[in-house]
Amino acid sequence: MSAIKNVVLLQNSTAMPDAYGAATHVVENQPTDLVNYNLFKADIALSESVNLEGAVWATEDLNRFGALIGTAEYLELGHLANKFQPEFDTHDRYGRRVDQVRFHPSYHALMRVAFEEGIHSSPWTDKRAGAHVARAAKFYLLSQVEAGHGCPIAMTFAAARAIKMQPDLAAQWLPKITARHYDPRNVPAEQKQALTIGMAMTEKQGGSDVRANATRAIPVGIEGPGQAYELVGHKFFVSAPMSDAFLVLAQAPGGLSCFLMPRWRPDGSKNPMQVQRLKKKMGNTSNAAGETELRGALAWMVGAEGRGVSTIIEMVAMTRFDCMILSSGGMRMALTQALYHCRNRSAFGKLLSDQPLMQNVLADLALESEAAMSMTLRIARALDHRDNEHEDHMARLGTALGKYWICKRTAQHACEAMECVGGSGFMEDGPMPRLYREAPLNAIWEGCGNVQCLDVVRVFRKEPETVVAFFNEISAVRGLHALLDRYVDELQNDLIDLSDMEYRARDIVDRMALSFQAAQLVRTAPSFVADAFCRSRLDSRSHHQYGALPRGVDVVAILDRALPSQFE
Ligand SMILES: Cc1cc2nc3c(=O)[nH]c(=O)nc-3n(C[C@H](O)[C@H](O)[C@H](O)COP(=O)(O)OP(=O)(O)OC[C@H]3O[C@@H](n4cnc5c(N)ncnc54)[C@H](O)[C@@H]3O)c2cc1C
């Protein structure tokens, strides 16, 4: 009885706290969640880049999309899809092998929107100039809500490029791969309207070094491109194992070759690509990744026998580009959260966003974010115009530079943005831990940092005309910023002797990426952005920590541009 009395008393005290002088839990000086805003409208730099890089026609659609995904309901999907992680069943209750990954409904909702919006395929079906730019901008927006489902979107998008190399398979598979539908059923591809595609290269004994692949491909009948084989081996990392088919590398009699391996055989039986377990990932948790055994899995050869790496690199080049998009999107969301928080939180009598030292940190984060997005959309334009020689060189080299540089810069950026939010930034029920744990991933998969640098070294050795095109691109803004001119001269000077390029590759690639970003901002961004970027990153003092912008930078203008005040 007395317990009930106590509850009543407690309830009363909550209703009338002042009666006890105990109003201890009134929440003051804390923002509410940033929801119900248009992610596209809030991003001035993005809409300018979309126009400048050739996709002005997409503005209306991006505006609609930005409003849709900025609603509280949509943003919540991103949170839920990570909170309720995928589960895996090897068999059904009767003992039949099913390899079924079960996702929370929020994950399916995110996937459905992405596929219906065509983020997995639009440049392959929409022939307008600027299609890659429009798609990159949309994916950049989407990735700010949730990055994990970006993986199957990116792989499905990229796979189309490699599958095209085998016209008979392409005619059969591409219509369903590019269809704007989402069909998550675990049934044979023949019964579905829309398909998703994964990729399986990495094995235990070698990831970067895919030529160490030991999986064997045994011909079922006639050998060669388009023909059926059975694969025996393992794949140590297979993201999105619920995909309908996978591009796989395996050793055929004539050498390492690329194969398309369906999840189900066309006769309706289970293809023995058996998922052993799901990976225990530190981030990217909405997305499943599996370890698999291939026990005679049916697959068709894609492209020439023995040319597996050059076939699958068509896919990998596109997923590497998507890593740039995803990391740029992650930076943008981290910046937005940091800036929003600091505009709604005071300390020592002033808003955090009005404190000079915090302005320095936030403006520096904004410069990094804009440079990443701008470089990404520039490479998207190059992809739109690959028939032009210069643009083709930019797509080739710019992807390696951007995949290395942008994806590497994201982790430190996420950490600094989290710190701007203070202690609450460290809490799991907010967005910062998710951004932080996601941040290193794009630097690792699809080829780690060193592998990207070695790819640039390969360009120096085998495609010197691409290096010439790179310097032509930067020279277009020669004379517009003295620091940039000097920086590029020094870089060129250090390239006269290429003898120990592997050892020096990180230093060289860092500087190439920075020159590219600086030139891009000088060409496209307001002078207060471009000048601050050049002065903080290209002078003799290197950029050790965020928040060390030099004197005279217009931080207020940079922050107004980063998130206009109506979005506070
Ligand atoms: C969450 C997640 C999902 C993944 N999903 C997939 C997937 O779907 N399909 C798939 O095929 N793979 C997938 N991977 C695997 C990923 O692509 C590999 O982990 C990556 O390519 C590195 O390979 P590795 O792990 O074998 O590392 P290693 O190849 O052993 O590399 C270790 C380190 O050595 C460096 N290194 C390698 N060679 C050199 C060199 N010559 N000089 C200097 N440094 C070098 C690398 O840069 C790296 O830093 C996934 C990985 C993760 C984390």
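**Cavities and core**

Guide: The largest cavity holds about 130 Å³ of space. A cavity here is a set of points on a 1 Å grid over the protein atoms alone where a 1.4 Å probe fits but cannot get out, and a volume is the space filled by probe spheres set on the points, joined across faces, edges and corners. This is a predicted model, where local features need pLDDT of at least 70 and side-chain atom pairs pLDDT 80 or more, while totals for chains, interfaces and linings use all residues. Residues are numbered from 1 along each chain, and side-chain values use heavy atoms, without hydrogens and water.

Visitor: Which residues are the closest to the centre of the largest cavity?
Guide: Ala45, Arg332, Ala366, Glu370 and Ala562, out of 15 lining residues (those with an atom within 4 Å of a point). The lining divides into 10 nonpolar, 1 polar and 4 charged residues.

Visitor: Which helix gives the largest share of that lining?
Guide: That is α11, with 5 residues; helices are DSSP runs (H or I) of at least four residues, numbered from the N terminus.

Visitor: How about the second largest cavity, where does it lie?
Guide: Domain 2 (44-306) and domain 3 (311-567), with bounds from an automatic or database assignment, both give residues to its lining, so the second largest cavity lies between them. Its space is about 70 Å³, and its lining includes Gly150, Asp322 and Trp445.

Note on methods. 1 Å grid on protein atoms, 1.4 Å probe; cavity = no way out; pocket = protein on both sides within 12 Å on 5 of 7 lines; lining within 4 Å. Helix = DSSP H or I, 4+ residues; strand = E, 2+ residues; numbered from the N terminus. Nonpolar A, V, L, I, M, F, W, Y, C, P; charged D, E, K, R; others polar.
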